[in-house]
Amino acid sequence: MPASESTPVPALKSLIPLPVLVDETGKIFSLSTAAKIYVETGTTGLLALGNYLADAIYGSTGSLLHVLTTTEPPQPGNLYLTTSGSDPGLGEEGYSLTITTDHVTLCAPQPAGLFRGIQTIRQLLPASIENQAPQPGPWAIATGTIRDYPRFAWRGAMLDVARHFFKLQDVKRFIDLLAYYKLNCLHLHLSDDQGWRIMIQSWPNLAKKGGSTAVGGGSGGYYTQEDYADIIAYAKTRYITVVPEIDMPGHTHSALVSYAELNCDGVAPALYTGIDVGFSSLCIEKEVTYRFIDDMIRELAALTPGPYIHIGGDEALATPITEYKAFVERVQAIVQSHGKQMIGWEEIAQIDLLDTSLAQHWSSDLARQAVAQGARLIMSPASRSYMDMKYDPSTVLGSCWAGYVSVQDAYLWDPALELQGVVEDDIIGVEAPLWTETIQTIQDIEFMAFPRLLGYAEIGWSPIAGRHWLEYKTRLGAHGPRLAGLGVNFYRSPEIEWETEEK
Ligand code: TNX
């Protein structure tokens, strides 16, 4: 039986995020097990992209498609990945996709665009492609053309690995899920009062002592520098940039525990496993504080190929404001001296910012001061984008200090309309943070992130003119079987009519 009779063939307009331009031509391309994936010769990374696509559909098709290079024109039945003849106007991550009854051609100026386009191909195959159990083909794709590129350069998610620690395999799983919806930034919140999660060779006790517990008193953990390099390398294959955050001068209790000399009174306090915020501060007047920061940022910068280091800067309630300003200005210079751009939560807007620095908006008007100085913003309004907020009063995990964030709340806002006086060009993009005071497992992560994360992905990628809640809601419902196939423990929100998940 042809797949088109047994399984619904997704329409080109069923994609999340919605593409810029879609033109359906009403026929079917059939992917048989004899199909090949051809990539053009001579462009680095294309074979790896072909293999990524072959691997992604292997579990369900039960056949590993051959990935080959070619210079020949397309032959019937095959998939083509190419950069030649692409429209440079599509930019770093844009792509065009042409599906005829004969073949599928994905074309992009850059490999990153091909990678995003591969996610489109995956989503255009029937949802059961994600089931990871071999099923009979052929697999059908609707014909037509797509021209697509992102609205914002930064489409991120943040994972707090400090309140609770998450192992490499969990972080990689999260990266894979971000990639499926075309996100391109993973911000790792690597330190907080309860835990220090990355080995700094020149200050090893940070990880060894400061990383030895977590909220609730568990055993914590930390990434070795090899682990961290592994995360970065894995993210790179998904065209995702890792942004490391070391929060300071507040949220630093785990550092103060690790080294007595970092405390103003020279006495190291005991480990902390509660969930209060705003009680810790590095010792602003001690020179050792800046030697520590310089060593740590040097090591982190050397390990991090991306252009940014996030220095936190939020909720420094135990640091007097004049000291806070002097401190962040010094840290900004340190970050710059190691060749990186500084990011901080919106509180950093109170200092003289370099225009290469970014401020991350979360709850106040302070971010506007950053814009007034020429710095750009990452938009993470807590009442919309905090994935640790409960969906509604019945959600067991999470908190609600910024209100409940339903699937509709998470979708129905726009970064360029959030702050008065802040316009599209002031914004580099959008990011959804997941704080983990109450989150302990990858299943918890998935429950809070999904399905809200699909909404953030669309806000970051798709033109605002095409975004409508009622239409999105239906489209999201059709992603239920896809998420289920991927094994995602998503929240079956009653706001959505989920399509059935039968295989
Ligand atoms: C505020 S948002 C924080 C975090 C907490 C979070 C809980 C921000 C910059 N700081 O320290 O984990 O609320 O929702």
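Where is the place of Pro-249? Pro-249 sits in the loop between strand 12 (241-248) and helix 7 (253-258). Helices (H or I, at least four residues) and strands (E, at least two) are DSSP runs, numbered from the N terminus.

This is a predicted model: local features need pLDDT of at least 70, side-chain atom pairs count only at pLDDT 80 or more, and totals for chains, interfaces and linings use all residues. Residues are numbered from 1 along each chain as its sequence is written, and side-chain values use heavy atoms, with hydrogens and water left out.

1. Cis peptide bonds. The bond from Met-248 to Pro-249 is cis, with omega near 0 degrees. Ile-16 and Pro-17 are also joined by a cis peptide bond, with omega about -5 degrees. Pro-17 is placed in the loop between helix 1 (3-6) and strand 1 (21-31).

2. Positive phi at Lys-182. Lys-182 is not a glycine, yet its phi is positive, near 70 degrees. The residue lies in the loop between helix 4 and strand 9 (185-189). Its relative accessibility is 1%, so Lys-182 counts as buried. Buried means under 20% relative accessible area, exposed over 50%, and partly exposed in between (1.4 Å probe, protein chains only).

3. Positive phi at Tyr-239. Tyr-239 is another non-glycine residue with positive phi, about 55 degrees. Its loop runs between helix 6 (225-237) and strand 12. Tyr-239 is partly exposed, at a relative accessible area of 27%.

4. The ligand site. The ligand is surrounded by 13 residues. The closest are Arg-163, Tyr-386, Asp-388, Trp-401 and Glu-437. A residue is near a molecule or strand if one of its heavy atoms lies within 4 Å of it. The shell divides into 7 nonpolar, 1 polar and 5 charged residues. Here Ala, Val, Leu, Ile, Met, Phe, Trp, Tyr, Cys and Pro count as nonpolar, Asp, Glu, Lys and Arg as charged, and the others, Gly among them, as polar.

5. Ligand oxygens. A polar side-chain atom of Asp-388 lies 2.6 Å from an oxygen atom of the ligand. For Glu-437, an N or O atom in the side chain is 2.6 Å from a ligand oxygen. For Trp-401, the corresponding distance is 2.7 Å. The ligand taken alone exposes 360 Å², and the protein buries 96% of that. Accessible areas come from the Shrake-Rupley method with a 1.4 Å probe; for residues, only the protein chains shown count as cover.

6. Aromatic rings. The structure holds 22 aromatic pairs. Rings of Phe, Tyr and Trp (its six-membered ring) pair if their centres lie within 6.5 Å; planes under 30 degrees apart count as stacked, over 60 as edge-to-face and the rest as tilted. Tyr-411 and Trp-469 form a tilted pair, 6.1 Å centre to centre with 45 degrees between the planes. This pair links distant parts of the chain, 58 residues apart: Tyr-411 is in helix 12 (residues 407-411) and Trp-469 in helix 15 (residues 469-478). Tyr-411 is buried at 0% relative accessible area, and Trp-469 is buried at 10%. Trp-345, Trp-362, Tyr-386, Trp-401 and Trp-435 form one aromatic cluster. Tyr-386 and Trp-401 are also among the closest residues to the ligand.

7. A salt bridge is a side-chain nitrogen of Lys or Arg within 4 Å of a carboxyl oxygen of Asp or Glu. Arg-173 pairs with Glu-446, the closest N and O atoms being 2.7 Å apart. Arg-173 is in helix 4 (residues 168-180) and Glu-446 in helix 13 (residues 442-449), 273 residues apart. Arg-173 is partly exposed at 25% relative accessibility, whereas Glu-446 is buried at 4%.

8. Helices 8 and 9. Arg-330 forms a salt bridge with Glu-287, with the closest N and O atoms 2.8 Å apart. Arg-330 lies in helix 9 (residues 321-337) and Glu-287 in helix 8 (residues 287-303), so the pair ties together parts 43 residues apart in sequence. Arg-330 is partly exposed at 35%, and Glu-287 is partly exposed at 45%.

9. Arg-298 forms a salt bridge with Asp-295, at 2.5 Å between the closest N and O atoms. The two are 3 residues apart in helix 8, so about one helical turn separates them. Arg-298 is partly exposed at 38%, while Asp-295 is buried at 19%. Elsewhere, Arg-151, Asp-414, Glu-424 and Arg-467 are linked in a network of salt bridges.

Key. Polar contact = N/O pair within 3.5 Å; in protein donor to acceptor, adjacent residues only side chain to side chain.
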